[in-house]
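Here is a colleague's note to read beside the model. Please keep the sequence and the 3D view open while going through the points.

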Amino acid sequence: MAQPLDLAAVRSFENLEFLARQLVEGFITGLHQSPYHGFSVEFSEHRLYNPGESTRHLDWKVFARTDKLFVKRYEEETNLRCHLLLDVSPSMYYPEPGHDKLRFAVLCAAALTTLLQKQRDAVGLVTFSSQVELQTPVRSTSTHRHTLLLALQQLLERPASTTHTSTDVSGVIHTIAQQIPKRSLVVLFSDMLGRAPEEQTGTLAALQHLRHQHHEVLLFHIMDRSTESNFDFQDRPYLFEDIETGETVKLQPSQVREQYRAAMQAYEHELALRCGQYKIDFVPVDIREPFDKVLYAYMVKRGKVR
């Protein structure tokens with residue numbers, strides 16, 4: 001069984017790339033039945049000719065050897081177009097530097113980028129908080145993969161913002177939905193926290209907008225389950241601060257633990273239910289668990305999208 005990685009060990013660009021490659025290779029090796037069945041694991045320079053399409057790129061030398069028609073395949077011709085949307089708002093820096101949700105999400109995004117490029121699928125990256133901070137093209141080259149990994153590494157190195165800012169997930173998603181020209185897979189990494197009920201409704205409506213545009217959506221709900229879902233704090237007074245608003249409250253965890261857990265369970269149930277209604281794949285992820293769950297969920301989704 002896969003073991004969790006030490007998030008604090010992800011230091012350099014080379015190490016991030018190495019860890020991402022390790023995750024991907026270990027994941028593929030560990031599968032009992034490969035989800036790659038039915039499509040190429042390695043880059044293929046040819047694909048079968050489909051009757052009725054142009055004969056301009058037929059490879060006649062291959063035809064002479066095999067008596068079968070194959071079309072030469074080019075770099076831009078990919079199986080899938082994937083947009084990785086990464087929430088980089090202040091709440092993603094919880095619970096502590098080096099072991100936070102953002103670091104976990106960055107490594108997941110790096111592993112998916114590596115897996116996508118290995119399949120010659122096209123991938124692009126969007127980072128956002130109250131607005132879009134970075135938006136890259138969607139490409140499938142190894143050079144582009146290095147560019148994305150460098151951008152992800154820079155996220156690991158920047159300190160958490162001391163400015164209290166909210167997260168505009170719905171606004172970003174609506175914008176992205178209008179900008180994606182072709183049917184794609186949109187993968188969102190977010191804790192989905194710090195939002196009032198009406199804002200949460202707006203976020204789900206934005207995700208539905210993506211579905212209306214015929215895109216597939218995979219939502220990774222990233223949490224530190226021990227504290228954010230179960231409220232497992234020592235039984236002593238704490239001063240809790242809302243990272244995004246700066247509001248504080250002093251209390252003893254045992255006073256509100258049961259009510260908090262009930263509220264979180266209701267919240268997560270509603271989120272999963274609504275995603276199910278919109279045919280959005282909802283995957284709750286704990287940063288203290290191995291990364292395999294993220295990669296496997298992606299592979300299952302990719303098989304449906306093809």
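Over which ring does the charged end of Arg236 sit? The charged end of Arg236 sits over the ring of Tyr238, 4.0 Å from the ring's centre. A charge sits over a ring if NZ of Lys or CZ of Arg is within 6 Å of the ring centre and within 35 degrees of the ring normal.

1. Basis of the note. This is a predicted model, in which local features need pLDDT of at least 70 and side-chain atom pairs count only at pLDDT 80 or more, while totals for chains, interfaces and linings use all residues. Residues are numbered from 1 along each chain as its sequence is written, and side-chain values use heavy atoms, with hydrogens and water left out.

2. Overall make-up. The protein chain has 9 helices and 10 strands. These elements are DSSP runs numbered from the N terminus: helices are H or I with at least four residues, strands are E with at least two. Of the chain's 306 residues, 47% count as buried. Buried means under 20% relative accessible area, exposed means over 50%, and partly exposed lies in between (1.4 Å probe, protein chains only).

3. Surface and contacts. The accessible surface of the protein chain is about 15600 Å², and 51% of this belongs to carbon and sulfur atoms. The areas come from the Shrake-Rupley method with a 1.4 Å probe; for residues, only the protein chains shown count as cover. Among contacts (heavy atoms within 4.5 Å) with a separation of 6 or more, 75% are between residues 24 or more positions apart.

4. Aromatic rings. The whole structure holds 7 aromatic pairs. One of them joins Phe231 and Phe233 edge-to-face, at 5.1 Å centre to centre and 75 degrees between the planes. Phe233 and Phe240 also pair edge-to-face, with 5.2 Å between centres and 75 degrees between planes. The rule is that rings of Phe, Tyr and Trp (its six-membered ring) pair if their centres lie within 6.5 Å; planes under 30 degrees apart count as stacked, over 60 as edge-to-face and the rest as tilted. Phe231 and Phe233 are both buried. One aromatic cluster is formed by Phe231, Phe233, Tyr238, Phe240 and Tyr260. Tyr238 is also the residue whose ring lies under the charged end of Arg236.

5. Nonpolar cores. A nonpolar core is a set of buried Ala, Val, Leu, Ile, Met, Phe, Trp, Tyr and Cys residues joined through side-chain atoms within 4.5 Å. The largest has 48 residues, and those with the most contacts inside it are Leu84, Leu86, Leu152, Val187, Phe189, Phe220 and Tyr298. Helix α3 (residues 101–118) gives the largest share of this core, 12 residues. Leaving aside neighbours within four places in sequence, Val187 is in contact with Cys82, His83, Leu84, Leu85, Leu112, Leu218 and Phe220. A second, separate core has 23 residues, including Ile180, Leu204, Leu210 and Cys275.

6. The structure holds 10 salt bridges, each a side-chain nitrogen of Lys or Arg within 4 Å of a carboxyl oxygen of Asp or Glu. In one of them, the side chains of Asp191 and Lys101 meet at 2.8 Å, N to O. Asp191 lies in the loop between β6 (185–190) and α6 (197–212) and Lys101 in helix α3, so the pair ties together parts 90 residues apart in sequence. Asp191 counts as buried because its relative accessibility is 0%, and Lys101 is likewise buried at 0%. A network of salt bridges links Lys101, Asp191 and Glu228.

7. Salt bridges of Arg261. The side chains of Arg261 and Asp232 form a salt bridge (2.8 Å, N to O). This pair links distant parts of the chain, 29 residues apart: Arg261 is in helix α8 (residues 253–277), and Asp232 is in the loop between α7 (225–229) and β8 (238–241). Arg261 is partly exposed at 25% relative accessibility, and Asp232 is partly exposed at 38%. Arg261 also forms a salt bridge with Glu258 (3.8 Å, N to O). Glu258 and Arg261 both lie in helix α8, 3 residues apart, about one turn of the helix. Glu258 counts as exposed because its relative accessibility is 54%.

8. Leu16 lies in helix α1 (residues 13–30) and is buried at 0% relative accessibility. Leu16 and Leu150 are 134 residues apart in sequence and 9.0 Å apart in space, C-alpha to C-alpha. Arg145 lies in helix α4 (residues 142–157) and counts as buried at 12% relative accessibility. Not counting residues up to four places away in sequence, Arg145 touches Glu17, Thr113, Thr114 and Gln117.
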